[in-house]
Amino acid sequence: MYKLVLIRHGESQWNLENRFTGWHDVNLTETGVAQAKNAGRMLKEAGFEFDTAYTSVLLRAIKTLNIALEEMGQHYLPVKRSWRLNERHYGALTGLDKAETAAKHGEEQVKIWRRSFDIPPPFVEMDDEYFPGHDRRYSHIDPAILPRGESLALTIERVLPYWHDELRPAIQRGENIIIAAHGNSLRALVKYLDGMSEEEVLGLNIPTGVPLVYELDENLKPVSKEYLGDPEKIKAMMEAVAKQGSAKK
Ligand SMILES: O=C(O)[C@@H](CO)OP(=O)(O)O
């Protein structure tokens, strides 16, 4: 039996401002820092000892991981960072207020952009400030495969190679791993691990800064799955994520 821990970054500045974030590199808020510390504390209390940690190349996930590892006294662990664990790229929606966008285009349209399986947001042009090709952290990647906007389906297409090439082999070598990533890159992984349908994944909302612990059998099929923390609070946090696309009343 293997264990795998997934954690979405703590609250970010643009989560707080309710703006579509995607690959834009925002920092954690004070609440986000507290959530990361709390996650580390819960993992420590539950006795987790990791061998390798994985994260994206975005500050909010990197910082959440660092804070949680420090809290656990496991700040010395090797950390591997990959753009493949980045948030889903929100294309031309990046930076827009979710509630204002719902007021302008309708809540249904925003729900389609946020949670439909394979309808991407409008793409950015390659000269747009939000096209990742201008950022040196992506300079080793062929610009032709860098996203200009991604649906969940496109996100899954670039997350899963990392699962198959890096994460799965590490788990099967017997390493205890923690993955600090993002709402939609984790929805991609959870959909794959749980074998969820396109309809089921519509209703999946992952709360910020709460460790999600999987037990996997020898074929890496989930045997159990549990968020650490108060179930009522976690449920409220998931509902709050779902509601971010409501128009301002
Ligand atoms: O803005 C984003 O990048 C994501 C995560 O914060 O939002 P959503 O839940 O709307 O997909």
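User: Which conventions apply before reading any feature?

Analyst: Residues are numbered from 1 along each chain as its sequence is written. The model is predicted, and local features need pLDDT of at least 70, side-chain atom pairs count only at pLDDT 80 or more, while totals for chains, interfaces and linings use all residues.

User: Which residues does the UniProt annotation "active site" cover?

Analyst: UniProt positions are given in the numbering used here, with shortened feature names, and annotations may be inferred rather than shown by experiment. In this case the unreviewed UniProt entry annotates His-9 and Glu-87 as "active site". Although they are spread over 79 residues of sequence, they cluster in space, the largest C-alpha distance being 10.4 Å.

User: Is His-9 buried or exposed, and where is its place?

Analyst: A residue is buried if 20 or more other C-beta atoms lie within 10 Å of its own, exposed if 12 or fewer, and partly exposed in between, with C-beta atoms placed from the backbone. His-9 is buried because 32 other C-beta atoms lie within 10 Å. Helices (H or I, at least four residues) and strands (E, at least two) are DSSP runs numbered from the N terminus, and His-9 is in the loop between strand 1 (2-8) and helix 1 (13-16).

User: Which residues surround the ligand?

Analyst: A residue is near a molecule if its C-beta atom, placed from the backbone, lies within 6 Å of it. Those around the ligand include Asn-15, Thr-21, Glu-87, Tyr-90 and Arg-114. Thr-21 lies in the loop between helix 1 and helix 2 (30-45), and its contacts include Glu-87 and Tyr-90.

User: What is the angle between helix 4 and helix 5?

Analyst: Axes are lines fitted to C-alpha atoms, for helices over the stretch in contact, and angles run from 0 to 180 degrees between N-to-C directions. Helix 4 and helix 5 (residues 107-115) pack at about 125°, with their axes 6 Å apart.

Methods: Contact = placed C-beta atoms within 7 Å. Lists of a residue's contacts leave out its neighbours within four places in sequence.
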